[in-house]
Amino acid sequence: PFGNLSDCPNGSRWIMDVFNECAQDSRDVASIVLGLGSIACFIAAAFPQFYQACRTGIMDQALSIYFLLGWLGGDLLNLIGSFLADQLPLQVYTAIYYVLSDLGMLSLYCYYRVKNGGRAFPAPINAAFVFLSVGSLSSLSLLGSASTKDPGTFKGRSLLSAPEDQLGPKPFSRTEIIGFTIGSISSVLYLCSRVPQICTNYKRKSTSGISYSLFALVMLGNSLYGLSVLLKTPEPGQGQGDYILHHLPWLVGSLGVLALDVVISFQFLAYRKGRPATLEERDALLGEPDES
């Protein structure tokens, strides 16, 4: 088994075995359930966009490449920071899926860029894409090897009684400080990634080619993700404020980006009547005789 149940009195055995996390009370169980719901939302979020891209064929025009690169960069740093800062196991699992989904989205974007005869990407974008892709695959392989080398490590919080002299704020270790810093940069990238997409929608005066289900599910997933972190019971002797401080970059990255996603939601409402036709519809219209 991943963890020793003796370190988690009255904890759930199946949660310990499956997620390597201590769930001793109803708050902890609710945190696990919300975390799983968040992962389900993020898994489902990519598929509507994949379908919309195949249906319209204009994904390269609808989505901003800077939005996708910023999203991938934020998710990659989120993954590395979550691992180094010893965040909740579900946070690490979610971060891994983020990176895989982003790589799939970028691959589909590049496919339609080539298919639609678009110009080649500028050198800085090519370099950023290669760097982020190699970094993502390297990080996933390193995390996989690290998890197989030490499978018995219990990364959940220890609920053993804390000695009186250890009560108070939990100090940051050197590794946690590095992870906290990387997580903070990740949150900035998350926030900045939405700005190019908002500008692209505004310039086109359209959201055609973008699936609103992508942003709706991401908003729901981020909400559940943030709530799952907030509901987790702090370690013995650790106050709620100190617990939030240790998870602050990830809370900002999930809950802070909701405001910008709301702006994109309003753009869907504002531009819903002025969406241009899909490639198939435009080709059909061009083939008809001019009745005027």
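This is a predicted model: local features need pLDDT of at least 70, side-chain atom pairs count only at pLDDT 80 or more; totals for chains, interfaces and linings use all residues.
The protein chain is helical. Twelve helices were assigned, and zero strands. From the N terminus on, the order of elements is therefore α-α-α-α-α-α-α-α-α-α-α-α. The chain has 292 residues, and 46% of them count as buried. The accessible surface of the chain comes to about 14400 Å². Carbon and sulfur atoms account for 67% of this area.

Empty space inside the model was examined next. Rolling a probe the size of a water molecule over the atoms shows where such space is left. Two cavities of 30 Å³ or more were found. The largest cavity holds about 240 Å³ of space.

The lining of the largest cavity is made up of 21 residues. Nearest its centre lie Phe42, Trp71, Asp75, Tyr98 and Asn222. By class, the lining comprises 13 nonpolar, five polar and three charged residues.

At least two residues each come from α2 (26-56), α4 (65-84), α5 (89-115), α7 (174-204), α8 (212-231) and α10 (248-256). Helix α5 supplies the largest share, with five residues.

Key
Residues are numbered from 1 along each chain as its sequence is written. Side-chain values use heavy atoms; hydrogens and water are left out. On a 1 Å grid over the protein atoms alone, a cavity is a set of points where a 1.4 Å probe fits but cannot get out, and a pocket is an open set with protein on both sides within 12 Å along at least five of seven lines; lining residues have an atom within 4 Å of a point. Grid points are joined across faces, edges and corners, and a volume is the space filled by probe spheres set on the points. Helices (H or I, at least four residues) and strands (E, at least two) are DSSP runs, numbered from the N terminus. Ala, Val, Leu, Ile, Met, Phe, Trp, Tyr, Cys and Pro count as nonpolar, Asp, Glu, Lys and Arg as charged, and the others, Gly among them, as polar. Buried means under 20% relative accessible area, exposed over 50%, partly exposed in between (1.4 Å probe, protein chains only). Accessible areas come from the Shrake-Rupley method with a 1.4 Å probe; for residues, only the protein chains shown count as cover.
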